[in-house]
Amino acid sequence: MSGFFKSSIGRKVSMALSAFFLMIFLLQHLAINTLSVFSPELFNEVSHFMGTNPLVQFALQPVLIFAVVFHFVMGFILELKNKKANGAGYAKNNGAANSTWFSRNMIWSGLTILAFIALHFIDFWFPEINTKFIQGDWSGTVQGVEGYRYHEELVHKFVNPARVIAYVVAFVFLGLHLAHGFTSAFQSVGAASLRKKLEKVGVAYSVIVPLGFIFIALYHHFNH
C-alpha cells in the first residue's frame, strides 16, 4: 500500500477518490443548507438528525475530516513533486498554450479554500464539538430560542458583512478550483475518453454549487 502512494499514478488516483467523496459531501451539505431558506423548521429537524445520529457523528464525520486533510496534503505533495520533476525545464515550457493559469496554480485556490475551512470550523464545527462532547448537551436547543437552535445560529453567523464577504470570496475560489478539479479527478481514474461530456458537467457543478452557497449566505445576511 505504501508503494501505491509513492507512485505518481497512485497519488493521483487517491487524490481523485478523495475529491469524489468531497464533491458528494458538498452536494449533501448544499441540499441541507438550502432548507434553511425555504423551511427553517425542516432545516432544524434535518440538522438535529445529522447532529445526533451516531453513524454520522462517529463514522462519517471522522471519514470526512480525514478526507479533507488527506486531499489537501496529497495536493501539496503532488504540487511539490510536479515542480521538482519539471525543474529548470518548467520555465521553458509554454504551459499557457495547453492549460489555463488557474489550472497550473491550483495550490493557491487550495490554500484559500483551506483558510475558509478553518473559518468554517471556527464558526460551526468547533462550537458543535464543544456543545455536544465537552458540555454534553445533545438536545439541540438553547435558552431564548424556540425549538432547535440550528437555524438561529446559521442566520446569526451571516449578520456580519465581513464574514459574508469572506464566505463569498471563498466560494468563488472553490468554484474555480472545481472547474479544473472536477474533470481532472475523472481523468485520473481513467475516464479521459469522456472529457467533453465531463467538462460540461464539471462547469455546471462548479457554478451551481458555489452559487448555491453564496445565495444562502446573502439571503440570510439581507433577511436577518
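Guide: In this predicted model, Glu128 and Lys132 both sit in helix 6, 4 residues apart, which is about one turn of the helix.

Visitor: What do the side chains of Glu128 and Lys132 meet in?

Guide: The general idea is that side chains of opposite charge can pair when their charged atoms come close. Here the side chains of Glu128 and Lys132 meet in a salt bridge, with an N to O distance of 3.4 Å, and it is one of 4 salt bridges that a search of the whole structure finds.

Visitor: Are Glu128 and Lys132 buried or exposed?

Guide: Both Glu128 and Lys132 are buried.

Visitor: With which other residue does Glu128 form a salt bridge, and how far apart are the closest N and O atoms?

Guide: Glu128 also pairs with Arg149, where the closest N and O atoms are 2.5 Å apart. Because Glu128 lies in helix 6 while Arg149 lies in the loop between helix 6 and helix 7, the pair ties together parts that are 21 residues apart in sequence. Arg149 counts as buried because its relative accessibility is 3%, and buried means under 20%.

Visitor: Which residues do salt bridges that share partners join into one network?

Guide: Arg149 forms a salt bridge with Glu153 as well, the closest N and O atoms being 2.9 Å apart, and Glu153, at 32% relative accessibility, counts as partly exposed. Through shared partners, the salt bridges join Glu128, Lys132, Arg149 and Glu153 into one network.

Visitor: Where does helix 6 bend, and by about how much?

Guide: Helix 6 bends by about 45° at Phe121. After helix 6 comes Gly136, whose phi is positive, near 75°.

Visitor: Turning to nonpolar residues, which members of the largest nonpolar core touch the most other members?

Guide: As a general idea, nonpolar side chains in soluble globular proteins tend to be buried together. In this structure the largest nonpolar core has 35 residues, of which Met23, Leu26, Phe171 and Tyr205 touch the most other members. Helix 2 supplies the largest share of this core, 9 residues. Leaving aside residues up to four places away in sequence, Tyr205 touches Met23, Ile24, Leu26, Leu27, Leu178, Phe182 and Pro210.

Visitor: Which residues make the nonpolar surface patch of about 370 Å²?

Guide: That patch is made by Val203, Val207, Ile208 and Leu211. Ile208 has its place in helix 9, residues 195–222, and is exposed, with a relative accessible area of 56%.

Visitor: How many helices and strands does the protein have?

Guide: The protein has 9 helices and 0 strands, and 37% of its 224 residues count as buried.

Definitions and conventions:
Residues numbered from 1 in each chain as written. Predicted model: local features only at pLDDT ≥ 70, side-chain atom pairs only at ≥ 80, totals over all residues. Heavy atoms only, no water. Patch = residues over 30% accessible without salt bridge, like charges linked within 9 Å, V, L, I, M, F, W, Y side chains within 5 Å. Areas by Shrake-Rupley, 256 points an atom, 1.4 Å probe, with all protein chains shown as cover. Helix = DSSP H or I, 4+ residues; strand = E, 2+ residues; numbered from the N terminus. Buried < 20%, exposed > 50% of the residue type's maximum accessible area, 1.4 Å probe, protein only. Core = buried A, V, L, I, M, F, W, Y, C linked by side-chain atoms within 4.5 Å. Contact = heavy atoms within 4.5 Å. Bend = angle between axes of the 7 residues up to and from the residue.
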